[in-house]
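Take a look at the model below.

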Amino acid sequence: MASIKNLKKDINYTLGDIIEECYVYQLLNPKADAKLSEAIIDEAIVTFDSLIGKLNAKGIENKKAHFKGISTELETKATELVGKINSL
């Protein structure tokens, strides 16, 4: 199992890259509707807050399964957000 520190870094870097990609899209397409990319940014921030909250939860009985679930949720949500960016 990866350490909690590395999982926090993965969450931060993955969702940070998605947000950065939205900003790049806005810069490269100034005439496009910015509300669409801003909605993706907002969703990424909500996902970040949710995952960090789950990661910092206390009183977990099966830590290995809990952290594995968080990692899987990160992968799923990141794939979904990247798909939304690609559809812009």
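A salt bridge here is a side-chain nitrogen of Lys or Arg within 4 Å of a carboxyl oxygen of Asp or Glu. By this rule the structure has 5 salt bridges. This is a predicted model: local features need pLDDT of at least 70, side-chain atom pairs count only at pLDDT 80 or more, and totals for chains, interfaces and linings use all residues. Residues are numbered from 1 along each chain as its sequence is written, and side-chain values use heavy atoms, with hydrogens and water left out.

Side chains of opposite charge can pair when their charged atoms come close. Start with Lys84 and Glu43. They form a salt bridge, with the closest N and O atoms 2.7 Å apart. Lys84 lies in helix 3 and Glu43 in helix 2, so this pair ties together parts that are 41 residues apart in sequence. Helices are DSSP runs (H or I, at least four residues), numbered from the N terminus.

Lys84 also meets Glu80 in a salt bridge, at 3.7 Å from N to O. Both residues sit in helix 3, 4 residues apart, about one turn of the helix. Glu80 in turn forms a salt bridge with Lys77, and here the closest N and O atoms are 3.4 Å apart. Glu80 and Lys77 are separated by about one helical turn, because they are 3 residues apart in helix 3. Together, Glu43, Lys77, Glu80 and Lys84 are linked in a network of salt bridges.

How exposed are these side chains? Buried means under 20% relative accessible area, exposed over 50%, and partly exposed in between (1.4 Å probe, protein chains only). Lys84, at 30%, counts as partly exposed. Glu80 is partly exposed at 35%, and Lys77 is partly exposed at 21%.

Now turn to the buried residues. Helix 1 covers residues 4-28. Its buried residues are Leu7, Ile11, Leu15, Ile18, Ile19, Cys22 and Tyr25. They pack against helix 2 (34-55) and helix 3 (63-86).

Thr47 is in helix 2. Its relative accessibility is 8%, so Thr47 counts as buried. Beyond its neighbours within four places in sequence, Thr47 is in contact (heavy atoms within 4.5 Å) with Leu15 and Lys77. Ser37 is also placed in helix 2. Ser37 is buried, with a relative accessible area of 0%. Leaving aside neighbours within four places in sequence, Ser37 contacts Cys22, Tyr25, Gln26 and Leu88.

Technical notes:
Helices (H or I, at least four residues) and strands (E, at least two) are DSSP runs, numbered from the N terminus. The expected span of a helix is 1.5 Å times one less than its number of residues.
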